[in-house]
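Hi,

Here's the structure I promised to pass on.

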Amino acid sequence: MPWLEQQQQQMQPQLALIAASSRTPFEKRVWAALCGIPRGRVTTYGHLSAHLGSSPRAVGNALRRNPFAPAVPCHRVVATGMSLGGFKGKWPR
């Protein structure tokens, strides 16, 4: 099975959770795009926002509200300088 098909098949449960959620259409688009980032790879807020036709800040806000982490891998998005950036989410207690 080609690698991309395998990646998509592995992420089907996460994509189904995203689709069934009551979150905004934009958040769903961001989270679905995350599912396309391969394990061991990263992208930047800027690249992801360009892909989605949005702003890096809007993407960051959607990532901060990701209720499906770590299964939906928001940790695969980094700042432009390949650093972790300024995560402003809250950790559950």
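**What turned up**

Leu34 touches Leu48, Leu63, Asn66, Val72, Pro73, Cys74 and Val77, leaving aside residues up to four places away in sequence (contact means heavy atoms within 4.5 Å).

Before you go further: this is a predicted model, where local features need pLDDT of at least 70 and side-chain atom pairs count only at pLDDT 80 or more, while totals for chains, interfaces and linings use all residues. Numbering runs from 1 along each chain as its sequence is written, and side-chain values use heavy atoms, with hydrogens and water left out. The average pLDDT (the predictor's confidence in each residue, from 0 to 100) is 86, and 85% of the residues score at least 70.

Leu34 also belongs to the largest nonpolar core, which has 17 residues; Val30, Trp31, Leu34, Leu48, Leu63 and Val72 have the most contacts inside it. Such a core is a set of buried Ala, Val, Leu, Ile, Met, Phe, Trp, Tyr and Cys residues joined through side-chain atoms within 4.5 Å. Helices H3 (25-34), H4 (45-52) and H5 (56-64) each give two or more residues to it, with the largest share, 4 residues, coming from H3. (Helices are DSSP runs of H or I, at least four residues, and strands are runs of E, at least two, numbered from the N terminus.)

In H4, Leu48, Ser49 and Leu52 are buried (under 20% relative accessible area; exposed is over 50%, partly exposed in between, 1.4 Å probe, protein chains only). They fall within an arc of 100° seen down the axis, so they line one face of H4 (arc of the directions from the helix axis to the C-beta atoms). Exposed His47, Ala50 and His51 sit on the face turned away.

Cheers
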